[in-house]
Amino acid sequence: AGSADENDVVVIGGGPGGYVAAIKAAQLGLKTTCIEKRGTLGGTCLNVGCIPSKALLHSSHMYHEAKHSFASHGVKVSSVEVDLPAMLAQKDKAVSNLTRGIEGLFKKNKVNYVKGYGKFVSPSEVSVDTIEGGNTVVKGKNIIVATGSDVKSLPGITIDEKRIVSSTGALSLSEVPKKLVVIGAGYIGLEMGSVWGRLGSEVTVVEFASEIVPTMDGEVRKLFQRTLEKQKMKFMLKTKVVSVDSSGDTVKLNLESADGGNQTTLEADVVLVSAGRVPFTAGLGLDKIGVETDKAGRILVDKRFATNVPGVFAIGDVIPGPMLAHKAEEDGIACVEFIAGKEGHVDYDMVPGVVYTHPEVASVGKTEEQVKALGVSYRVGKFPFMANSRAKAIDDAEGIVKILAEKETDKILGVHIMSPNAGELIHEAALALQYGAASEDIARTCHAHPTMSEAVKEAAMATHGKPIHI
Ligand code: FAD
């Protein structure tokens, strides 16, 4: 309805980048249409990413706690079993509630929603093959590409979403695999490996690089890997998957050490391919209107999120930068602010990153390796959760807080936290970083007792060598 009229803003893609941009544009008084091919809003994140994975991480954690930790807290349960269909149904319910919620937000903010596959016919016209089978042309003064990303496949491996799965298939396995092999030790592989490991799978993670989660602070990464190993996750680092054969009863993987030496084989019931994500622009007609992309297929934009084609913008996973939902949202807001003639700004150095395992690992700002590379003098303040009273009280005390501050000014450069709920704790640090705070600012801020957050304060005190509780 009304889609043939000219819009101020047309957004292609209804993920966290696109739907947030559309709502913000409408809030700023711009006539806005959002085009989404999936049939539901929320993009990768809500449908097959952040949300369903966190639902399963929570449910599997509850099962694991009931089975392995309740007794030590004096809670007796006679039998604990996994009801996988019920667990998956709870996840699906969370997803459908949230995706429908966004449709409600579109209505409330008067964003016009067109369900279908959009492709450029000119820099101000998008032809949409609608889900119902028709076609409509949507016109806009400004068009924002927010088409996101897709699973990266590996040569010689065909994903069937049953025995050789992407993260999408790994969110809906019909039974708990006895042996799960995860290819790629990034956060998605480790999160999904944790889910199935807790539910009973033997999990082996095969990684080409010499370390897991490459973006993580090296010291925290070592602790994290040790923790995952204690949870019985196995790692084969510096290992290349040469071929995967799923013709037999089990899937057979041929592996080779990354430097070309030893060959080994591995058997699995299910193989998860989580070796990264690639920008998704298939069928969009970018070449037709001459939008520039880099070698990796990402759309190139300037600080205003403008492409080289006037009136065409791009945000989220389809442009360079961290491939995270909250980064896509920030892009969306800033891009629309520019379109509306205001100022917008996103600082990619201040985008927090979280791995939602147990314990979680969260970070914001620079790693110690990055600080070293900058050549600035710095101090490190660390505090272990073993010395945090709340963590001890609940018997969940694995992890640390690590703060890096510039030596001369005490300005915080980076904060890294491994702990239960680190993904919540990190935002105090994100705010501090955003305000250009010194570690002393955190050290002198009153933190409630007993909380895990006190470990952040103590680490800030430790930056100057003076924590109280250790
Ligand atoms: P997307 O969410 O990919 O949305 C793009 C949308 O555009 C899609 O719905 C697609 O259907 C639509 N589209 C594409 N082309 C067209 C077209 N031509 N016409 C119409 N519609 C089109 N990030 C986090 O921050 N935290 C997490 O915990 C997290 N967990 C994740 C777990 C998994 C398993 C995965 C796979 C990802 C996870 N991510 C997480 C990453 C997060 O999902 C992405 O960074 C985020 O979704 C990017 O948002 P986006 O709007 O740029 O793109």
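Modeller: Start with pairing. Two strands pair if DSSP finds at least two bridges between them. This is a predicted model, and Val 355 stands opposite Val 361 in β18.

Colleague: What makes β17 and β18 a pair?

Modeller: The bridge count. Pairing needs at least two bridges. β17 and β18 (residues 360-365) have three, in the antiparallel sense. The two strands therefore pair.

Colleague: Why is β17 called an edge strand?

Modeller: Five strands form an open sheet, in the order β17-β18-β21-β20-β19, with antiparallel pairing. The edge strands, β17 (353-355) and β19 (378-384), each pair on one side only. From one strand to the next, the twist averages 10°.

Colleague: Which helix packs on that sheet, and what does the helix touch?

Modeller: Helix α7 (residues 218-230). Its contacts are with β18, β20 (400-406) and β21 (412-419). A contact requires C-beta atoms, placed from the backbone, within 7 Å. The direction of α7 makes about 5° with that of β21, on a scale that runs from 0 to 180 degrees between N-to-C directions.

Colleague: What is cis in this model, and where?

Modeller: The peptide bond between His 358 and Pro 359 is cis, with omega about -5°. Pro 359 lies in the loop between β17 and β18. A cis bond also joins His 449 and Pro 450, again with omega about -5°. Pro 450 sits in the loop between α13 (439-443) and α14 (454-462).

Colleague: Why mention Val 213?

Modeller: Its phi is positive, about 20°, although Val 213 is not a glycine. Most residues other than glycine have a negative phi. The loop between β9 (202-206) and α7 holds Val 213.

Colleague: What does the record say about residues 351-460?

Modeller: UniProt, in an unreviewed entry, gives "domain: Pyridine nucleotide-disulphide oxidoreductase dimerisation". In the model that stretch is 34% helix and 28% strand. Its end C-alpha atoms are 20 Å apart.

Colleague: How confident is the predictor?

Modeller: The mean pLDDT of the protein chain is 97, on a scale from 0 to 100. Of its residues, 99% reach 70 or more. The model scores ipTM 0.99 and pTM 0.97.

Technical notes. Residues are numbered from 1 along each chain as its sequence is written. This is a predicted model: local features need pLDDT of at least 70, side-chain atom pairs count only at pLDDT 80 or more; totals for chains, interfaces and linings use all residues. Helices (H or I, at least four residues) and strands (E, at least two) are DSSP runs, numbered from the N terminus. Two residues are in contact if their C-beta atoms, placed from the backbone, lie within 7 Å. UniProt positions are given in the numbering used here, feature names are shortened, and annotations may be inferred rather than shown by experiment.
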